[in-house]
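Here are a few friendly notes to read with the model open beside you.

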Amino acid sequence: MATNSKTRKAARYAVPVAVFGVVAGTIAMVPAFANSGGPDLPQVTAQQLIEKIAASDVQQLSGSAKISTDLGLPSLASGLLGGGGVTGGSADPEDKIAQLASGTHTFRVAADGPDRQKLTFVDGKDEYSLVHNGDDVWGYDSKSKEVFHEKAPADAGKGGKSAERKTGDRLAATPQEIAQELLKAAGPTTDVSVGDTAQVAGRDAYQLVLKPKASGSTVASVKIAVDAKNGVPLRVQLLSTDGGKPIVDAGFTKVDFAKPAADTFAFTPPKDAKVNEGGGNHGKGDKDRGLGALESIPGLGGLTGGAGEGDMKVLGEGWTSIARIETGSATALKDLEGATKDEKAPKEAKQFLDALGDKVSGKFGEGRIFKTRVVNALITDDGKVYVGAVTKDALVKAADTNK
């Protein structure tokens, strides 16, 4: 049961994680120079710009930022991944961060070194704050009046999983964190160049451009706007091969690199708030939200729970890599299709089947495609799942070759 719970939690965040984890290794540098599309700045190569990012020692800042995400998820899947929003139930940071899977969100951000950070979501009249101050991590939802509190582990700073690392995972919605993850992921399958200069939050910036070398990826490019003076990433844009607005557009709208006031990171739970210590809300309601809720739909047991226990193999590399997962259920898709023909079948089952998209066929047999603007998945009738940030044709080809 513990394994399944972890699997469900991971699955809820699988789409946004896949966006930033498609390549690995060292960066293949492509010499290029910034042109005159924006502010007039000295020319730099991609190598020099990456070195500028790496050498940046800025640890103090405050400002406002906005992130817009359009993964092209069907409405049902968007709700399962948290994109539909949490309606006042939890102060758990994981619940809030999951909402970034869709829509536009604005927040205030402040940082003062590795021990103090604060991120406050200001969507609508309600606020959610996530605060790291020394040994304490706090999350506060003003709508539900719930507080999440967690202490740093005893081995913090001694080679263990420190509070900085733990909190950093939860604050990875900022442009700097996203850019760092992308640069870590960029590998020899990536062309790296310098694009037009730009101005972000009133600051002159260079733009680092990452593009897949091979065809077949759903990602056209990633653009990272880098502060021309201090090397801090100011904006990250993930662009689709289908065109249209960015899949992800995260950037500062206002930024100040002065030291924030010390009381910025102070937090005392309101007297009428419910405090959950040590992440006590983790896993709460897993049977009522996320992929766990789908187990009650006929034919979906093998598609949801089995994947965590099956074998997984990575096919290819870089941007066009595909994960092949053995779900352990060779009849789950057929069972689901059969169940939805029953007049008494729950509407959720039919909605899920519609979300999977059209049927496809090939040497592998038959299956259905789950399609988004970034990550696509092929579920075959013999219990295999092929998933990656690749096109439908690439998935079918992979299934035919590795049936």
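1. Asn376 is buried, at a relative accessible area of 2%; buried means under 20%, exposed over 50% and partly exposed in between, with a 1.4 Å probe and protein chains only. This residue is found in strand S18 (residues 376–380), where strands (E, at least two residues) are DSSP runs numbered from the N terminus.

2. A word on the basis: this is a predicted model, in which local features need pLDDT of at least 70 and side-chain atom pairs count only at pLDDT 80 or more, while totals for chains, interfaces and linings use all residues. Residues are numbered from 1 along each chain as its sequence is written, and side-chain values use heavy atoms, with hydrogens and water left out.

3. What does the side chain of Asn376 reach? It comes to 2.8 Å from the backbone oxygen of Val390. Setting aside residues up to four places away in sequence, Asn376 touches several others, including Thr218, Phe370, Tyr386, Val390 and Leu395; contact here means heavy atoms within 4.5 Å.

4. Now to the rings: the structure holds 4 aromatic pairs. Rings of Phe, Tyr and Trp (its six-membered ring) pair if their centres lie within 6.5 Å, and planes under 30 degrees apart count as stacked, over 60 as edge-to-face and the rest as tilted. One of the pairs, Phe107 with Phe121, is tilted, at 5.6 Å centre to centre and 50 degrees between the planes. The pair links strand S2 (residues 103–112), which holds Phe107, to strand S3 (residues 116–121), which holds Phe121, 14 residues apart.

5. Trp138 sits in strand S5 (residues 136–141) and Phe267 in the loop between strand S12 (248–256) and strand S13 (274–277), 129 residues apart. Trp138 counts as buried because its relative accessibility is 13%, whereas Phe267, at 22%, counts as partly exposed.

6. Last, the cores. A nonpolar core is a set of buried Ala, Val, Leu, Ile, Met, Phe, Trp, Tyr and Cys residues joined through side-chain atoms within 4.5 Å. The largest has 48 residues, and those with the most contacts inside it include Leu49, Val222, Phe252 and Val374. Strand S10 (residues 219–227) gives the largest share of this core, 5 residues. Another core, of 12 residues, lies apart from it, with Ile369, Val396, Ala398 and Ala399 among them.

Technical notes. Helix = DSSP H or I, 4+ residues; strand = E, 2+ residues; numbered from the N terminus. Polar contact = N/O pair within 3.5 Å; in protein donor to acceptor, adjacent residues only side chain to side chain.
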